[in-house]
Amino acid sequence: MAGHDATVPGTTVLTRRPGWWEALVGPGAGPVESAGTVASAVAGAVLAPALARRPVGHAARLVLRVLAADLWGGAWCLNTPAGARWYGRPERGGRERSAFAAAHVHPFVVAALDPRPRFDRALAQYAYVLVATAVLGRVGHRRAAAVLATLGGLALDRWWRVSDVAPWSGPVIAVKLLAGHAGGGVLVRPVR
């Protein structure tokens with residue numbers, strides 16, 4: 001059972017292996033953190049096809065729903081105290097953060113769905129997230145730097161011209177992977 005260590009406020013001590021939900025949202029996630037993760041994922045899955053600037057086919061709608069559920073739910077989850085503690089715990093260093101960011105090939109999927117694929121934009125966005133994640137792992141004041149990196153990602157997304165089928169993808173990727181994952185874990189004490 002996950003419990004709290006009274007000697008260090010804000011920490012969670014794991015006395016057992018976390019279940020699948022705890023491994024996703026972080027041990028000690030409260031009802032608001034869990035409900036917010038689910039609500040964000042569901043909202044993304046429902047709204048993503050409707051936010052497309054051009055009509056998309058059935059298969060593309062399904063892919064957009066899956067991408068949005070992951071990104072929107074993850075953006076919420078990774079910016080909660082439980083998510084920040086879990087994904088920012090000491091044993092998850094720069095290599096793990098970089099691998100997590102690298103696994104998010106969403107920009108390429110979005111580019112493939114666009115009527116006029118912009119793989120150059122996808123590559124630039126992907127590279128920006130990977131470089132920013134690596135840099136954030138090496139700087140002091142990581143949370144403040146992550147906010148600046150996220151704002152840079154938002155600005156670059158506008159400059160690169162947003163996707164026609166997923167105009168929400170660039171900002172949500174930046175919030176999930178930079179403000180949340182790469183910058184998380186520094187507001188609260190990590191899980192021990």
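Val109 sits in helix H6, which covers residues 106–113. This is a predicted model.

Q: What makes Val109 partly exposed?
A: Its relative accessibility is 28%. Partly exposed covers what falls between under 20% for buried and over 50% for exposed, so Val109 gets that label.

Q: What is the overall layout of the protein chain?
A: From the N terminus on, the elements run β-β-α-α-α-α-α-α-α-α-α. That is 9 helices and 2 strands. Buried residues account for 45% of the 192 residues.

Q: How do you know that Arg54 and Asp164 form a salt bridge?
A: Their side chains come to 3.2 Å, N to O. The cut-off is within 4 Å, for a side-chain nitrogen of Lys or Arg and a carboxyl oxygen of Asp or Glu, so the pair counts as a salt bridge. Side chains of opposite charge can pair when their charged atoms come close.

Q: Why can the Arg54 and Asp164 pair be said to tie parts together?
A: Arg54 is in the loop between helix H2 (31–47) and helix H3 (58–77), while Asp164 is in the loop between helix H8 (142–159) and helix H9 (169–182), so the bridge links parts that are 110 residues apart in sequence.

Q: Are Arg54 and Asp164 buried or exposed, or in between?
A: Asp164 has 14% relative accessibility, and buried means under 20%, so Asp164 is buried. Arg54 has 37%, which lies between the 20% and 50% limits, so Arg54 is partly exposed.

Q: What makes Arg118 and Asp120 a salt bridge?
A: The closest N and O atoms of the two are 3.2 Å apart, and the limit is within 4 Å, so the pair qualifies. Arg118 itself is partly exposed, with a relative accessible area of 32%.

Q: Why is the pair Trp20 and Trp21 called edge-to-face?
A: The structure holds 4 aromatic pairs, and Trp20 with Trp21 is one of them, at 5.5 Å centre to centre and 80° between the planes. Trp20 is exposed at 68%, while Trp21 is partly exposed at 26%.

Q: What makes Trp72 and Trp168 edge-to-face, and which parts do they tie together?
A: The ring centres are 5.8 Å apart and the planes are at 85°, so edge-to-face applies. Trp72 is in helix H3 and Trp168 in the loop between H8 and H9, so the pair ties together parts 96 residues apart in sequence. Trp72, at 18% relative accessibility, counts as buried. Trp168 is buried too, with 8%.

Q: How do you know that the charged end of Arg89 sits over the ring of Trp86?
A: The charged end is 3.8 Å from the ring centre. The distance cut-off is within 6 Å, and Arg89 is listed as sitting over the ring.

Q: Which classes of residue line the largest pocket?
A: The lining has 9 nonpolar, 3 polar and 2 charged residues. The pocket has a volume of about 210 Å³. Of its 14 lining residues, the closest to the centre are Leu24, Asp70, Gly73, Gly74 and Cys77. H3 gives the largest share of the lining, 5 residues.

Q: What lines the second largest pocket, and how many of those residues are charged?
A: The lining residues are Arg53, Asp114, Arg116, Arg118, Arg121, Arg161, Val162, Ser163 and Asp164. Asp, Glu, Lys and Arg count as charged, so the lining comes to 7 charged, with 1 nonpolar and 1 polar residue. About 170 Å³ of space lies in this pocket.

How values were computed:
Residues are numbered from 1 along each chain as its sequence is written. This is a predicted model: local features need pLDDT of at least 70, side-chain atom pairs count only at pLDDT 80 or more; totals for chains, interfaces and linings use all residues. Side-chain values use heavy atoms; hydrogens and water are left out. Helices (H or I, at least four residues) and strands (E, at least two) are DSSP runs, numbered from the N terminus. Buried means under 20% relative accessible area, exposed over 50%, partly exposed in between (1.4 Å probe, protein chains only). Rings of Phe, Tyr and Trp (its six-membered ring) pair if their centres lie within 6.5 Å; planes under 30 degrees apart count as stacked, over 60 as edge-to-face and the rest as tilted. A charge sits over a ring if NZ of Lys or CZ of Arg is within 6 Å of the ring centre and within 35 degrees of the ring normal. On a 1 Å grid over the protein atoms alone, a cavity is a set of points where a 1.4 Å probe fits but cannot get out, and a pocket is an open set with protein on both sides within 12 Å along at least five of seven lines; lining residues have an atom within 4 Å of a point. Grid points are joined across faces, edges and corners, and a volume is the space filled by probe spheres set on the points.
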